[in-house]
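This briefing looks at how the copies of a chain are arranged and at the contacts between them. Please have the sequence and the coordinates open while reading.

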Amino acid sequence: MTSLPLGEALFAVQRTTPLVHCITNFVAMNSTANCLLAVGASPAMLHAVEEVAEFTRLAGALSINIGTPSPTWAEGMQQAAKAAQENNIPWVFDPVAVGATCYRQTLSQQLLALAPSVIRGNASEIIALTGLTHQGRGVDATASIDEARDAAITLANRQGCIVAMTGEHDFVTDGTQHWRLTGGHSLMPRVTTLGCALSATVAAFIAARPETPLVATVAALASFGVAGERAGALATGPGSFQVALLDALYQLTPSDLDTFTGLEKG
Amino acid sequence: MTSLPLGEALFAVQRTTPLVHCITNFVAMNSTANCLLAVGASPAMLHAVEEVAEFTRLAGALSINIGTPSPTWAEGMQQAAKAAQENNIPWVFDPVAVGATCYRQTLSQQLLALAPSVIRGNASEIIALTGLTHQGRGVDATASIDEARDAAITLANRQGCIVAMTGEHDFVTDGTQHWRLTGGHSLMPRVTTLGCALSATVAAFIAARPETPLVATVAALASFGVAGERAGALATGPGSFQVALLDALYQLTPSDLDTFTGLEKG
Amino acid sequence: MTSLPLGEALFAVQRTTPLVHCITNFVAMNSTANCLLAVGASPAMLHAVEEVAEFTRLAGALSINIGTPSPTWAEGMQQAAKAAQENNIPWVFDPVAVGATCYRQTLSQQLLALAPSVIRGNASEIIALTGLTHQGRGVDATASIDEARDAAITLANRQGCIVAMTGEHDFVTDGTQHWRLTGGHSLMPRVTTLGCALSATVAAFIAARPETPLVATVAALASFGVAGERAGALATGPGSFQVALLDALYQLTPSDLDTFTGLEKG
């Protein structure tokens with residue numbers, strides 16, 4: 001049984017409808033907005049340097065995802081992250097495929113310097129990002145969560161942030177406390193950009209519970225875990241899974257998270 | 001009972017498959033295209049200054065939405081709107097979040113100068129836009145349709161266009177005639193970009209019925225109202241609602257609109 | 001009954017999870033990624049000149065779609081196609097609406113010079129593209145597959161590539177061998193970007209079976225044909241069709257293709 005107040009975190013999202021400013025990739029925009037609306041948050045997507053900092057200051061949290069980067073978008077990301085840092089607005093960094101190209105590595109280093117509150121990635125991305133901060137290059141190899149555990153803890157300590165690593169199971173650490181989550185469903189990797197949507201959902205939860213970002217992060221992951229299990233029980237493939245997941249996120253109650261059995265000290 | 005020939009307008013869309021040129025935000029593109037196809041129109045999305053005016057001239061109507069603006073896109077929007085204006089092609093303006101940033105306010109003023117045929121927005125956006133045209137700045141506050149009624153009428157008269165304001169109920173005015181619509185479902189705000197898709201659907205209807213743009217606009221809103229009610233009766237959350245809405249838009253018949261009971265003089 | 005080993009091609013996709021680098025239009029990105037995941041491939045979407053060639057070299061195939069072009073994207077497309085050509089990575093070209101504007105015609109000529117392995121389009125696009133390579137201008141007219149048959153064969157011979165033309169039925173040629181496919185469902189044109197997703201799916205199949213690109217192309221089309229028929233039997237409109245199509249693509253087995261009856265010499 002969980003020993004963190006996860007239900008309270010979901011209740012806070014549902015009650016306060018936090019505004020989440022997302023600068024994310026083109027593939028993820030629609031599904032991310034729909035996941036945020038389903039859990040009870042208010043999404044806003046905009047990226048231009050002409051307005052991005054002005055808008056970030058209005059938001060409860062910022063979520064940056066580098067899936068389809070380009071120079072003008074990268075500049076928008078940095079201005080938004082700076083505005084978040086300067087105004088004590090929590091922000092989540094999703095380093096999509098950071099190990100794949102030099103361009104992503106450079107951009108990720110610039111964003112890491114702007115102090116994200118949470119980093120959410122898969123095992124390969126966390127290893128690449130950790131290597132990046134002391135070796136200068138990432139790795140591409142597909143890694144397991146257990147293989148990346150030490151890298152996640154190192155990264156959390158070095159950055160002074162929370163690292164949330166998702167995959168066959170999930171691992172969350174602030175460098176000191178570590179949590180392991182099970183849940184979800186085998187169809188989740190067959191639906192595009194669920195990880196991206198989860199990163200933005202983490203932002204919604206830390207917007208609603210900024211004083212306890214570790215609990216907020218775990219609650220966001222648990223929400224996807226519970227909703228994913230329920231959706232998987234109804235689905236006959238990735239199309240019906242995606243539909244059922246949005247319905248399940250919408251139907252989720254605080255008590256669903258308080259009775260979540262997939263959390264243990266990790 | 002309705003006193004406008006709404007069924008005829010839907011029939012005209014279904015019979016003529018109007019080509020609707022959309023320059024919209026990244027979040028809305030896919031869902032907008034699917035809504036247009038469902039009601040029987042033909043969507044086309046393109047934005048580059050290198051081709052945008054050439055294409056607008058081929059279209060039955062143009063729909064411009066400023067949800068995720070940037071300078072190159074803004075230039076494409078303006079060239080498209082100019083091409084529409086010069087060729088008597090009706091166009092719809094959706095001023096997403098115009099009150100939120102200075103950049104959106106400036107862009108909106110430039111687009112208003114190009115004489116949109118219809119402005120479709122929520123109450124806050126209509127108030128912001130109306131304020132913009134005489135005060136220079138918008139407002140952010142969440143407003144109700146009733147609070148924004150006078151602003152909508154003022155804007156319609158000042159611009160010589162139709163204003164369609166949607167929310168807990170809808171209000172449509174050409175400055176002289178006013179209509180109020182009820183319908184839809186409480187899940188609609190939980191699905192992203194339905195308002196954006198509705199703006200493009202208004203464009204499809206005015207492309208099919210350019211001689212009666214007020215009737216066309218009301219018919220588009222009534223289509224979403226009826227389809228939304230039917231989808232809501234089938235849905236268990238926002239995922240299944242979105243699926244059911246596309247099915248319901250596709251199944252809509254002219255007689256569904258002729259028997260629509262949610263319209264009254266407003 | 002089919003006389004091509006289509007089931008083997010699907011099995012190869014499912015077994016090897018080919019990485020498909022997609023540079024596609026904004027409308028199609030999400031649905032394309034979901035179709036690729038459903039058939040068993042691994043999608044990646046990125047476009048910036050800063051990283052595009054580096055990434056293409058990691059991919060099993062490249063898919064380029066010009067639906068929403070702009071100069072910076074066009075440069076990314078050309079650099080990716082060059083990287084593909086230089087590294088013997090097969091690539092698929094989807095010339096969306098090439099007949100509609102001069103800008104698309106010029107861009108398409110530049111991309112044709114980089115030797116696509118497969119061109120996938122509708123009849124009007126194939127006619128426009130064929131005219132383009134000797135007359136300098138495309139045509140807009142809606143054409144039937146039978147009207148475009150000669151253009152497709154001409155284009156295949158001139159380019160030394162495969163041409164896959166889809167519509168009321170499909171026609172595939174390498175200039176010498178011709179195949180005709182039936183299947184699918186009348187709701188398919190009511191769902192946006194299925195043709196774009198099919199182009200990327202062709203790329204997945206040629207990545208898995210580069211030694212037999214004609215078989216791979218036919219197998220991709222047959223997969224959509226079979227899945228489309230099954231989805232159509234379950235759907236009540238385009239919303240439920242899209243969901244059912246992803247489920248059906250996911251459930252597809254090699255024996256489904258080996259018993260496909262919609263293929264004949266064309």
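Between chain A and chain C the count is one salt bridge, and this salt bridge pairs E51(C) with R104(A), their closest N and O atoms lying 2.7 Å apart. The model is a predicted one, and the values below were computed from it.

**Chain A against chain C**

- Two or more residues of the side of chain A that touches chain C come from each of α5 (102-112) and α10 (238-251) of chain A, and it is α10(A) that gives the largest share, with five residues.
- Sorted by class, the side of chain A that touches chain C is made up of 12 nonpolar, 12 polar and two charged residues.
- Chain A contributes 26 residues to this contact and chain C contributes 23 residues.
- The area that chain A and chain C bury between them is about 2,000 Å², of which 60% lies on carbon and sulfur atoms; of the area that chain A buries against chain C, 28% is supplied by F26(A), V27(A) and R190(A), which is more than any other three residues supply.

**Chain A against chain B**

- The contact of chain A with chain B takes 23 residues from chain A and 26 residues from chain B.
- About 2,000 Å² is buried between chain A and chain B, with 60% of it on carbon and sulfur atoms, and the three residues L37(A), E51(A) and Y250(A) supply 24% of the area that chain A buries against chain B, more than any other three residues.
- One salt bridge is counted between chain A and chain B, in which E51(A) is joined to R104(B) with the closest N and O atoms 2.7 Å apart.
- The count of residue pairs in polar contact between chain A and chain B is 12, both residues being at pLDDT 80 or more.
- The side of chain A that touches chain B draws at least two residues from each of α2 (29-39), α3 (52-56) and α10 of chain A, and its largest share, six residues, is given by α2(A).
- By class, the side of chain A that touches chain B consists of 14 nonpolar, five polar and four charged residues.

**How the copies are related**

- The surfaces that chain A and chain B use are different, since 9% of the contact residues of chain A recur in chain B.
- Chain A can also be laid on chain C by a turn of 120 degrees and a shift of 0.0 Å along the axis, the RMSD being 0.0 Å, and here too the C-alpha of F26(A) is the one in chain A nearest the axis, 3.9 Å from it.
- For chain A and chain C, only 8% of the interface residues of chain A are also interface residues in chain C, so these copies meet through different surfaces.

**Chain A by itself**

- The secondary structure of chain A amounts to 11 helices and nine strands.
- Chain A is as compact as a globular protein of its length, because its radius of gyration of 17 Å is close to the 18 Å that the globule rule gives for 266 residues.
- Taken along the principal axes, the C-alpha atoms of chain A fill a box of roughly 40 × 40 × 35 Å.

How values were computed. Residues numbered from 1 in each chain as written. Chains lettered and ligands numbered in written order. Predicted model: local features only at pLDDT ≥ 70, side-chain atom pairs only at ≥ 80, totals over all residues. Heavy atoms only, no water. Contact = heavy atoms within 4.5 Å. Buried area = accessible area lost by both parts, 1.4 Å probe. Salt bridge = Lys/Arg side-chain N within 4 Å of Asp/Glu carboxyl O. Helix = DSSP H or I, 4+ residues; strand = E, 2+ residues; numbered from the N terminus. Nonpolar A, V, L, I, M, F, W, Y, C, P; charged D, E, K, R; others polar. Polar contact = N/O pair within 3.5 Å; in protein donor to acceptor, adjacent residues only side chain to side chain. Rg over C-alpha atoms; globule rule 2.2 N^0.38 Å. Least-squares fit on C-alpha atoms with pLDDT ≥ 70 in both.
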